[in-house]
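User: I would like to go through this structure step by step. Please keep the terms plain.

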Amino acid sequence: MGKRVALVLAGCGVFDGSEIHEASAALVHLSRGGAEVKIFAPNIEQRDVVNHLKGSPAEEKRNVLVESARLARGNIQDLAELKASEFDAVIFPGGFGVAKNLCSWAVDGKNCTVNEHVNSTLQAFHSAKKPIGLCCISPVLAAKVFPGCEVTVGQDKNIDGRFPDAETASAITELGCKHICKNVNESHVDKANKIVTTCAFMCKAPLHEIFDGIGTMVQEVLKLA
C-alpha cells in the first residue's frame, strides 16, 4: 500500500502563491513513488495579488484555497480539515505564498507569525513522529515552529550569483536552528525531527536540477514515512 501524503499549497503562482513547478514536481515524484496524495490549502484571503506578467501588485483580492484549487485540478480541501492521523507525511512546496499567506516571513522575517492551521498541522505531524518535507522558502516554517531543527535553503553565501537569497540562511540560524549548506540537486534530512528540506528555486538553476532536488526530498520523506 502506498504512503498517504498531504500536500499543502499557498495559492497559485510564484509571486503570491505556491511555485507551480515545485508543486508539480512534488506531485510527479510522489506519483512515481506510489504515494496516495490529498491536497490542502488554508481558506484565507491572500496577503496580496501580483500581476505575474508585469511583476506588480494588482488591485484585487483572491482566496488561497480557491487559487490553490487551480493546481489541484479542483480536488482540494480546507487545511482546517487535515487530520495528521490519516496521513503518513506532509509536504509543503515553496513560492512567495508560503512567506505571505502561510506565514508573514515576507514582511516580518524571522519575527514572523505562522498561520494557525499551518502551525497546528506541522505540530501534529511532528508530535506523531511523521516526516515533514519542505522546499524553497518553506523550510522557514520549520525553523520558526521547531527551534533547534536542521534545514537547508541552499547556501549561506551567494556563490556565483546562484543563491541571491542566501541571507535567509542567517535568519534561520538566528532562530536557533542549524542551516546545512546543500546544492540544488540535494536535500537534507534532519533525522531527529524527521524534517526533509531542499532549496529548489532558492537557487538559480536549470529546471531539471530543481526537479531532481525535489525528487530527493520526496524520496527521503517516503523512506521516513
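**A loop residue, the sheet and a pocket**

User: Leaving aside neighbours within four places in sequence, which residues is L82 in contact with?

Analyst: This is a predicted model, in which local features need pLDDT of at least 70, side-chain atom pairs count only at pLDDT 80 or more, and totals for chains, interfaces and linings use all residues. Residues are numbered from 1 along each chain as its sequence is written, and side-chain values use heavy atoms, with hydrogens and water left out. Contact means heavy atoms within 4.5 Å. With neighbours within four places in sequence set aside, the contacts of L82 are A6, V8, F40, F87, T121 and F125.

User: Is L82 buried or exposed?

Analyst: L82 sits in the loop between β5 and β6. Buried means under 20% relative accessible area, exposed over 50%, and partly exposed in between, with a 1.4 Å probe and protein chains only. The relative accessible area of L82 is 12%, so L82 is buried.

User: How far apart in space are L82 and A6, C-alpha to C-alpha?

Analyst: A6 is one of the contacts of L82. In sequence the two are 76 residues apart. From C-alpha to C-alpha, the distance between L82 and A6 is 8.1 Å.

User: What is the order of the strands in the open sheet?

Analyst: Helices (H or I, at least four residues) and strands (E, at least two) are DSSP runs, numbered from the N terminus. Two strands pair if DSSP finds at least two bridges between them. The pairing in this open sheet of seven strands is mixed, and the order is β5-β2-β1-β6-β7-β11-β10.

User: Which strands stand at the edges, and why is one side of each without a neighbour?

Analyst: Each edge strand has a single partner strand, so one side of it is left without a neighbour in the sheet. The edge strands are β5 (77-78) and β10 (188-190).

User: Which residue in β7 is the bridge partner of V90?

Analyst: V90 belongs to β6, where V90 and F92 point one way and A89 and I91 the other, all of them buried. On one strand, A6 stands opposite V90. Three bridges join β6 to β7, and these strands run parallel. The bridge partner of V90 in β7 is I132.

User: Is E67 buried or exposed?

Analyst: E67 belongs to helix α2 (residues 64-71). Not counting residues up to four places away in sequence, E67 touches G11, C12, Q46 and R62. Its relative accessibility is 7%, so E67 counts as buried.

User: What is the volume of the largest pocket?

Analyst: On a 1 Å grid over the protein atoms alone, a pocket is an open set of points where a 1.4 Å probe fits, with protein on both sides within 12 Å along at least five of seven lines, and lining residues have an atom within 4 Å of a point. Grid points are joined across faces, edges and corners, and a volume is the space filled by probe spheres set on the points. Here 18 residues line the largest pocket, with F96, C136, D165, F201 and M202 nearest its centre. The volume of the largest pocket is about 420 Å³.
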